[in-house]
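Hi,

Here is the structure I promised to pass on.

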Amino acid sequence: MPSGCFLPLPIPFRETPGADTPDRLSGDQPRTHEHRMNTDQTKQRTALITGITGQDGSYLAEFLLAKDYQVHGLIRRSSTFNTRRIDHIYEDIHERGRHLTLHYADITDANSLACLIRAIEPDEVYNLAAQSHVRVSFDMPIFTAETAAMGALKLLEAVREYEKNQGKRVRYYQASSSEMYGKVRETPQSEETPFHPRSPYGCAKVFAHWATVNYRESYDMHCSCGILFNHESPRRGETFVTRKITRAACRIKLGLQDKLYLGNLDAQRDWGFAGDYVEAMWLMLQQEQPDDYVIATGQSTSVRDFLQRVFSSLDLDPDQHVVIDPRYYRPAEVDLLLGDPSRAKEHLGWTPKVDLDGLVRMMVDSDMELARREETLRKAGHALRGGA
Ligand SMILES: NC(=O)c1ccc[n+]([C@@H]2O[C@H](COP(=O)([O-])OP(=O)(O)OC[C@H]3O[C@@H](n4cnc5c(N)ncnc54)[C@H](OP(=O)(O)O)[C@@H]3O)[C@@H](O)[C@H]2O)c1
């Protein structure tokens with residue numbers, strides 16, 4: 001670890017990992033030494049991931065560790081544990097030759113970002129940190145913009161300053177979003193489709209997207225934007241609609257809850273698996289020339305259809321359990337998102353490996369495992385939060 005203003009972050013060891021420890025959730029194998037050595041690169045590279053504690057950050061960290069990267073993650077200070085998704089790959093700071101190091105900083109704090117970049121001297125920076133929930137962005141528009149828009153700009157500035165002072169090229173990835181298309185101008189949406197965001201989140205992402213393009217064009221920086229359509233997994237946050245559905249369906253099946261409250265069932269989304277999408281992020285930074293890419297499956301499905309698939313897989317009838325709650329409607333809705341991933345296929349050789357049925361199965365299996373543990377605890381007389 002180069003000297004700098006950051007101490008690597010010790011995370012207290014937890015004897016019993018949380019019930020939803022990610023490696024168990026996803027069925028992923030724990031990382032092994034052989035896994036690490038399975039690399040196609042000769043020189044060890046260093047990557048910084050902001051948002052490493054999120055869904056994508058955790059998959060990306062695993063992916064880069066398997067390619068023998070030195071991975072550094074930015075995590076924000078919290079009064080409770082926020083490292084649940086990466087506990088299984090965490091290495092104690094006292095471990096020699098460790099590959100993963102966490103640092104306290106915040107995407108809204110320009111000084112901490114500049115300091116971190118200088119200390120880490122990264123080859124690649126993946127900017128995934130954001131307040132990423134679209135519905136919540138209507139309740140917290142300013143914080144959403146501070147993280148998703150200004151955060152990206154602050155990080156770009158930190159990288160630019162570092163490149164200028166150190167003369168080292170850094171490859172930068174920006175997590176752009178299909179929500180930028182909003183009220184879509186054409187279907188399917190490609191890299192050329194104009195943006196028309198319909199939420200504070202979408203607006204913030206448009207700003208970050210164009211700021212990234214601008215830094216590429218103005219300063220000849222190697223900056224790429226991945227315009228990612230929705231991607232899910234057993235690690236998806238529990239308030240996002242897909243995970244909300246799989247989690248509730250499994251709990252209903254075991255009698256742990258009875259009702260599931262949802263918003264607009266007619267919204268159509270292009271849903272892929274997060275594990276596939278982080279590979280696309282990495283591929284973008286391996287290209288000689290930076291560019292922007294749509295990452296999607298090219299198939300769109302309504303929330304209603306997703307719900308039906310999940311409930312059918314458990315022999316449940318949604319009409320018996322689902323209640324529409326207008327509180328979950330967005331003030332301005334995005335009706336249909338469908339991505340055209342042709343450029344990514346052609347230039348990156350990227351295609352998604354998991355289809356929608358595979359994704360549903362993976363999420364249901366994982367949430368059923370969690371529900372069974374909850375049932376066991378309940379039967380043993382332990383107090384549980386929520387439920388019927
Ligand atoms: N998943 C999708 O379908 C999708 C599609 C397109 C684009 N994106 C974008 O891709 C990125 C990753 O998505 P995701 O699904 O992994 O989101 P996520 O699970 O919500 O993770 C967001 C990450 O950002 C961190 N973060 C939030 N505020 C921060 C702050 N002030 N300082 C530092 N870190 C902060 C969170 O930390 P805590 O864990 O402490 O909260 C978390 O690690 C996001 O930028 C998202 O907007 C996602």
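Helices (H or I, at least four residues) and strands (E, at least two) are DSSP runs here, numbered from the N terminus. Residues are numbered from 1 along each chain as its sequence is written. Keep in mind that this is a predicted model: local features need pLDDT of at least 70, side-chain atom pairs count only at pLDDT 80 or more, and totals for chains, interfaces and linings use all residues.

First, the sheet. It is open, with 7 strands in the order E3-E2-E1-E4-E5-E6-E11 and parallel pairing (two strands pair if DSSP finds at least two bridges between them). At the edges sit E3 (100-104) and E11 (292-295), each pairing on one side only. E11 runs parallel to E6 (residues 222-228), joined by 4 bridges; Cys225 has Asp292 in E11 as its bridge partner.

Now helix H10 (residues 303-313). Its buried residues are Phe306, Leu307, Val310 and Phe311 (buried: 20 or more other C-beta atoms within 10 Å of the residue's own, with C-beta atoms placed from the backbone). These residues are on the same side of H10 because they cover an arc of only 125° around the axis, taking the arc from the directions from the helix axis to the C-beta atoms. They pack against helices H8 (241-253), H11 (318-321) and H13 (356-379), and against strands E12 (301-302) and E13 (322-324); contact means that two C-beta atoms, placed from the backbone, lie within 7 Å. After H10 comes Asp315, with a positive phi near 55°.

Cheers

How values were computed: Buried ≥ 20, exposed ≤ 12 C-beta atoms within 10 Å, placed from the backbone.
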